[in-house]
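Student: Could you show me how to read pockets in a model? I'd like the general idea, then the case at hand.

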Amino acid sequence: MITSVWKSIRSGQIDPVYLIVGTESYFIEKTLDLLKDKLTAGGELELSFFDLDEMPVEHVIDEADTIPFFSDRKLIIARNASFLKAAERGKEKINHDIKVLETWLEHPPSSSVTIFVAPYEKLDERKKVTKLMKQHTVLIEAKSLQANDLETWLMHEAKNFGKSIQLKAAQRLMEMAGTNLTQLSSEIEKMSLYLGENDEEITVDLVEQMTARTLEQDAFKMLQSYLDGNVSGALSVYYDLLRQKEEPVALTALLASQIRFMIQVYYLQKKGYHAQQISKQLKAHPYRVKLLVEKRQQISEKRLLQVLGDLADIDLQLKTLNGNRERILEFFLMKRARQTKQ
């Protein structure tokens, strides 16, 4: 659906009112950029921004009804359309004249393009204004992609830059860069520019060579190597992080956070939840959950709890003992070698 809307915008078929619903910022910002670029192509663009948490919707309508001075059509971006979701008693900041909006939606002016952004997982479908919004606007769903959809999206994104990407390379890219679509798109663009016009395929080697690693991803790799008994791999990541001036206290906290997340995932899986339900329950990306579910049989909950307890002891030592603090976490990682040999 969203790709068809983008195709229409690129072809110049622009509607007077859009409604963007969802929490995936990449889809929100990409849609706004497409509209800005297309409307700017005809000359100067009159652009107005409104935060509906701070300003009533009537101001948006007044601006939309005002004829533009310098361009054929003006662009109005109204963020945080919270009146479309379930009301939280006592938390409403602004009183919106919803009746005025409902009437306006039936005959919006053609001289303006108004975009309502509702960055929420779901709207209150019982409200009349929500039904009218969906009826009289172009609805764009900015939802987070599932694991398999992410792989397909990466292949499509590479194609947009005239390249292809191996499935294993796409999976490796997500492991290294995370699941933020803006970051992933940036990495694809960077590798495409590096390849130039000659090579067309993004490989695993290229991903590993060029992808910028995040601290969280390095911490996950270090923990996974430790749990797999790959002590040299865990120590290699640890030494690299120390060279980057990362503090052992912060790294210990990250490792403990990863362990707690794993315990939560496995607990819910044990209760019969599938990966998508788990990701929704824990408000985590499905791909991150998928990676852990696939490794479920490799480590017991008892072992995870033991590691979590060890990390709590490490944290206490780091905060109370003097001396070479880097060695404390290093000994913890080396301890796995003795346990593996027993």
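Tutor: Start with domains: their bounds come from an automatic or database domain assignment. This is a predicted model, where local features need pLDDT of at least 70, side-chain atom pairs count only at pLDDT 80 or more, and totals for chains, interfaces and linings use all residues. Residues are numbered from 1 along each chain as its sequence is written, and side-chain values use heavy atoms, without hydrogens and water.

Student: How is a pocket found?

Tutor: Rolling a probe the size of a water molecule over the atoms shows where empty space is left. On a 1 Å grid over the protein atoms alone, a pocket is an open set of points where a 1.4 Å probe fits, with protein on both sides within 12 Å along at least five of seven lines; lining residues have an atom within 4 Å of a point.

Student: Which residues are closest to the centre of the second largest pocket?

Tutor: That pocket has a volume of about 740 Å³ (the space filled by probe spheres set on the points, which are joined across faces, edges and corners). Of its 29 lining residues, E175, E216, Q217, F220 and L291 are the closest to the centre. The largest share, 7 residues, comes from α10 (helices are DSSP runs of H or I, at least four residues, numbered from the N terminus).

Student: Why does the second largest pocket lie between domains 2 and 3?

Tutor: Because domain 2 (147-210) and domain 3 (215-334) both give residues to its lining.

Student: And the largest pocket?

Tutor: Its volume is about 990 Å³. Among its 33 lining residues, A142, K143, S144, L145 and Q146 are the closest to its centre. Helix α6 gives the most to this lining, with 6 residues.

Methods:
Helices (H or I, at least four residues) and strands (E, at least two) are DSSP runs, numbered from the N terminus.
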